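This briefing is written for a reader who is meeting the structure for the first time. Please keep the sequence and the 3D view at hand while reading the points that follow.

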Amino acid sequence: MNIIFYDFRDSEKEYFVNHPNNDFNIKFVKTPLNDDTEISEHDAQETCIISIFTTSKITSTVLNKFKNLRMIATRSTGYDHINIDECAKRNIRVVNVEHYGKNSVTEYTIGMIIALIRKVVPAINDVRKENINTQNYIGGDLNKLTLGVIGTGAIGCSVCKVAKSLGMNIIANDIQKNLELNNIVNYVDFETLLKEADIITLHIPYTKEAFHLISEYELSLMKPGSYIINTARGELIDTAALYNAIESGKIAGCALDVLECENVIINNDEQLISTISKADKFCIQRTIITQKLAEFDNVIITPHIAYNTIDAVNTILEITFQNIRNYLKGDNSTNRIV
């Protein structure tokens, strides 16, 4: 069985050393898979399964390159980078990985809350510049603050539990209440959460309906001096509106592990010119705005690493191979998207 692993990262190598998959013929490709990716005639004809990460973009053009593709296994929970309708038309199975980042993303989120509230980044920067004024780093106690959690699935639920253990007041918004959070969370409507939370953290999947869920109007409803954290998808927040809110001081700070047009913004130098030249006007604008946003001391931007612990990476790969084996055995229920 021929499989190609695109978006292959150094952090994944250890798994394959310790877990040889001799029943598969696996090819590893470090670059993402997209419309411009060149596919050899052999790979086009012989590849039955591909595995990708969110940096790949699976379009009808990509699908046309593979003549016998039967399955796409994305090593992520989100799957908005895959044209699901086109896969369904071609009877290509699509599977994802759920819940792999519950612990790692929860820990990152709590870490960012502490870093923002205690003004860790500006303190570090001032020490490096030898320009220290401790009055500039006065923070607050977490048990005096209200955390607003948007999305209470596996990760959001875990964030609520840890935040509660730190004494925070928790309010949440979701289509469906999570019964695990009885006596921990007070569910409120979306606008009430925006108005009452001192810190807002996003833990929902991205859909077209959720594009710019947080934009100028929503930011205007937030408490003056509040904070926002995004580990879900960059497109949930209007970066331009967030920049204006940070610049004006309405929002006291933010931590973003995901960005709009992430595949353009988070890039190696040798790939930057090629990527920018193919980007649309919107993404070029977002790249410029994000660069300006990153200049603020009260803004933390990281390159999609909230999930990225060796334990989470190994779990992703374990579940990915379990998905593949289940499919080959005829069990099509596990983690199935299409």
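Two strands count as paired if DSSP finds at least two bridges between them. In this predicted model, Asn230 has Leu256 in strand β11 as its bridge partner.

**The seven-stranded sheet**

- Seven strands make up an open sheet with parallel pairing, and their order is β8-β7-β6-β9-β10-β11-β12.
- At the edges of this sheet stand β8 (186–187) and β12 (299–301), each of which pairs on one side only.
- Helix α7 packs on the sheet and touches β6 (146–150), β7 (169–173) and β9 (199–202). The direction of α7 makes about 170° with that of β6.
- Within the sheet, strand β10 (residues 226–230) pairs with strand β11 (residues 251–256) in the parallel sense, over five bridges.
- Helix α10 lies across β10, β11 and β12, and runs at about 135° to β11.

- Strand β1 (residues 2–5) and strand β3 (residues 49–52) run parallel and are joined by three bridges. Ile4 has Ile50 in β3 as its bridge partner.

**The contact of α10 with α13**

- Helix α10 (residues 239–248) packs against helix α13 (residues 281–293) at an angle of about 25°, and their axes are 9 Å apart.
- Angles under 35 degrees count as roughly parallel, and α10 is therefore roughly parallel to α13.
- The crossing in which α10 passes α13 is left-handed.
- On the α10 side the residues are Thr239, Ala240, Leu242, Tyr243 and Ile246, which meet Arg286, Ile289, Thr290, Lys292 and Leu293 in α13.
- Sorted by class, the contact of α10 with α13 contains six nonpolar, two polar and two charged residues.

**The contact of α5 with α7**

- Helix α5 (residues 102–117) and helix α7 (residues 154–165) cross at roughly 50°, and their axes come within 9 Å.
- The two helices, α5 and α7, are therefore oblique to each other.
- In this case α5 passes α7 in a right-handed crossing.
- From α5, the contact involves Lys102, Val105, Thr106, Thr109 and Ile110. From α7, Ala154, Ile155, Ser158, Val159, Val162 and Ala163 take part.
- By class, seven nonpolar, three polar and one charged residues make up the contact of α5 with α7.

**Aromatic pairs**

- The structure contains 13 aromatic pairs.
- One of them is the edge-to-face pair of Phe16 and Phe28, with 4.8 Å centre to centre and 75° between the planes.
- Phe16 belongs to helix α1 (residues 13–18) and Phe28 to strand β2, so this pair ties together parts that are twelve residues apart in sequence.

Conventions
Residues numbered from 1 in each chain as written. Predicted model: local features only at pLDDT ≥ 70, side-chain atom pairs only at ≥ 80, totals over all residues. Heavy atoms only, no water. Helix = DSSP H or I, 4+ residues; strand = E, 2+ residues; numbered from the N terminus. Axes fitted to C-alpha atoms, helices over the stretch in contact; angles between N-to-C directions. Parallel < 35°, antiparallel > 145°, perpendicular 65-115°, else oblique. Left-handed = near helix turned anticlockwise from the far one by under 90°. Contact = heavy atoms within 4.5 Å. Nonpolar A, V, L, I, M, F, W, Y, C, P; charged D, E, K, R; others polar. Phe/Tyr/Trp six-rings, centres within 6.5 Å; stacked < 30°, edge-to-face > 60°.
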